[in-house]
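I opened this notebook to keep track of what I looked up in the structure, one topic at a time. The entries below are in the order in which I made them.

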Amino acid sequence: MDEKVVRETLRNYIKKELIRDPKYNLGDTEGIITGGLIDSFSLAEFAVFVESEFNVYIPDSDLTVTKMNTLDQMVTRVLLDMK
Amino acid sequence: MTTTSFEFAIFTLVTLVLYYVVSRKMQNQILLIASYIFLISWNIQFAIVFLILTVVNFTAAQFIARKGKRSKLALYTGIAFNIAALVFFKYADFFVPSVVGFLQQIGITQVEDGLRILLPLGLSFFIVQTISYLLDVNRGITVPASSFVQFAVYMVYFPRVISGPIERYREFQPLLQETRNFDRANLDIAFILILQGLVRKVVIANLLFLLVPLNIFSQPGLYQPPHLALWLLVYTFALYNDFAGYTLLARGVSALFGIPLSANFNAPYTAQGFSDFWQRWHITLSNWLRDYIFMPVTRNLLRRKFSRNHAVSIVLPPMTTMFVSALWHSASLNMLIWGGMHGVYLVAERGLTLARPVKRNQSAPKWRQYASVLIVFILVALAWVPFRTALPEAITYWSILLSPASWLDALRNFSAIRGQVLNRYTLDAIVLITISILLDFAHLRLGEQALQRFPVLVQAIIINMVILALIIASIAQNRPPAFVYQGF
């Protein structure tokens, strides 16, 4: 799957379902967890979405602020596990 | 030998010299021997228990890895064994009297001393590490340890064996394989961590604990609301600095050996929400609970089509997580109430956030941010009451503290209690709490190594003031209070 498709799919999901503001301007390097936009509940939802959408399993211990704080990090991780 | 004792300082120094004199291959052996000497200094029983548990878990992990997908039984058996050990030692006090009574009835006397079973210090910390290790091996996230020495060091590493921080094997093991040379950078980091740790533990926490009236939590009915509010505030900061101070000392000592340990606190009383609080308080335990309890429960519910708005999805994960946290501390009713309160706080917070779009932390007006900090602080402080005392006393404490009638009464007769509430001890407490807040402020603004950002002259003045404060604090303490968390 194309990197751009993955990125926009994740961006739209985060804006619509997790932040619940489709008009939010989510940057690629913006701190999503450190900015208080998503919490542990939302990370779990994100992980289940990635499982169903991309068939990629991200272990619980990798759903952390150091590894999943920005859209860039999320996209990189999904693409890595899709290969 | 406690971490703030002179004996510990000498012990660390001797270990350090041996550590850097021997070859790299022998460094881990030195750490292992030192760690068991440290355990034996408390009680040889602790060392024996930890050794047995280390051998069992080392073997279990290798068996689990070999069995692959068929290893579930081995995994559950391993976890059950660890939990059974924890339960046995935590509750031995309950059944030893019954066993002694029975033996005496059948004519076997004078056995009580021989049956006395001590809870090994740090066992709760030890067990969560073994459980996460077995789970990670089973999930294929961690390769099982091939070196028993490295694994044993991970399990009983003396700077953190008593009260953490809790480390994951896959993150700790590479540190044991690296070459660790003595260098100036490590020394600087270690010095600042140890200095901060000593200030928080010896100056702030110990002195605050000494100020708290001995019977305020055991006999709250003897006090008026202003007393209860004041000493709860003091206890709140004493507990924080006690634990944070210990962790900083552990990290500082470990830095001397070239092994960085995880941070455990990040100015928790500046949290603007309860999720935020648990990302700042006892961070390594919070992360463990998130990874092994909260996330699996939440993900399983979501996969079973319980939507995020479903009551089960909102309630079950945080309540389960906080009850497990409470049980980890102790299986007493008051501790379960403490955990339940934090579970309810998290549920309420989650319910509120689902009702509206999420906003960035710093986008709310300043007054709202400060109000959030204050509300979270007050609710966290109220929850410390059952953490500290048995349930009947906690209920009495709350009923007086939260009673408008009691407050009106106290304020009407304030002149009678003024001397008890506004006195030299209150001033001392305010000064110590202010220092704690300033340290947090410096930590947030300037980072952990804040001291290094100042000019050398300023650093020298600060260090001298700290040494003076340590001397004064040490003189003021005939018998310094023990670390609160070494009891878990």
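**Entry 1: the model and its chains.** I noted at the outset that this is a predicted model. I began with chain B, in which I found 20 helices and zero strands. The C-alpha atoms of chain B fill a box of roughly 70 × 65 × 60 Å along the principal axes. I then compared its radius of gyration, 24 Å, with the value near 23 Å that a compact globule of 488 residues would have, and the two agree. Buried residues make up 39% of the 488 residues in chain B, and of its contacts with a separation of 6 or more, 75% join residues 24 or more positions apart.

Chain A has three helices and zero strands, and its pattern along the sequence reads α-α-α. The box filled by the C-alpha atoms of chain A is roughly 30 × 25 × 20 Å, again along the principal axes. For 83 residues a compact globule would have a radius of gyration near 12 Å, and the 11 Å of chain A agrees with that. Buried residues account for 30% of the 83 residues in chain A, while residues 24 or more positions apart supply 66% of the chain A contacts with a separation of 6 or more.

**Entry 2: where the chains touch.** I looked up the contact between the chains and found 18 residues of chain B against 17 residues of chain A. On the chain B side, the largest share comes from helix 12 (residues 283-303), which gives nine residues. By residue class, the chain B side that touches chain A divides into seven nonpolar, three polar and eight charged residues.

**Entry 3: domains of chain B.** Chain B is divided into domain 1 (6-181), domain 2 (186-265 + 389-488) and domain 3 (280-381). The contact between domain 1 and domain 2 of chain B takes 16 residues from domain 1 and 16 residues from domain 2. On the domain 1 side of that contact, helix 1 (residues 6-21) of chain B gives the largest share, three residues. I sorted the residues of this domain 1 side by class and wrote down seven nonpolar, six polar and three charged.

Entry 4: The largest nonpolar core has 66 residues, of which B:F50, B:A61, B:L134 and B:V156 touch the most other members. Helix 6 of chain B gives the largest share of this core, nine residues. Because domain 1 (6-181) and domain 3 (280-381) of chain B both give residues to this core, I placed it between them. Another core, of 63 residues, lies apart from the largest one and has B:F243, B:W278, B:Y397 and B:A473 among its members.

Entry 5: B:F125 is in helix 6 (residues 123-139) of chain B. Is B:F125 buried or exposed? I counted B:F125 as buried, because 23 C-beta neighbours lie inside 10 Å and the cut-off for a buried residue is 20 or more. Apart from neighbours within four places in sequence, B:F125 is in contact with B:S163, B:G164 and B:I166. B:S163 is 38 residues from B:F125 along the chain, and their C-alpha atoms are separated by 6.5 Å.

Entry 6: The peptide bond from B:G164 to B:P165 is cis, with omega near 10°, and B:P165 is in the loop between helix 7 (148-156) and helix 8 (169-177) of chain B.

A:R20, which is not a glycine, has a positive phi of about 60°. I located A:R20 in the loop between helix 1 (3-18) and helix 2 (40-54) of chain A, and with 16 other C-beta atoms within 10 Å it is partly exposed.

B:A267, also a residue other than glycine, has a positive phi near 45°. B:A267 is in the loop between helix 10 (225-256) and helix 11 (274-278) of chain B, and its 18 C-beta neighbours inside 10 Å make it partly exposed.

Technical notes. Residues numbered from 1 in each chain as written. Chains lettered and ligands numbered in written order. Predicted model: local features only at pLDDT ≥ 70, side-chain atom pairs only at ≥ 80, totals over all residues. Contact = placed C-beta atoms within 7 Å. Helix = DSSP H or I, 4+ residues; strand = E, 2+ residues; numbered from the N terminus. Nonpolar A, V, L, I, M, F, W, Y, C, P; charged D, E, K, R; others polar. Domains from an automatic or database assignment. Buried ≥ 20, exposed ≤ 12 C-beta atoms within 10 Å, placed from the backbone. Core = buried A, V, L, I, M, F, W, Y, C linked by C-beta atoms within 7 Å. Rg over C-alpha atoms; globule rule 2.2 N^0.38 Å.
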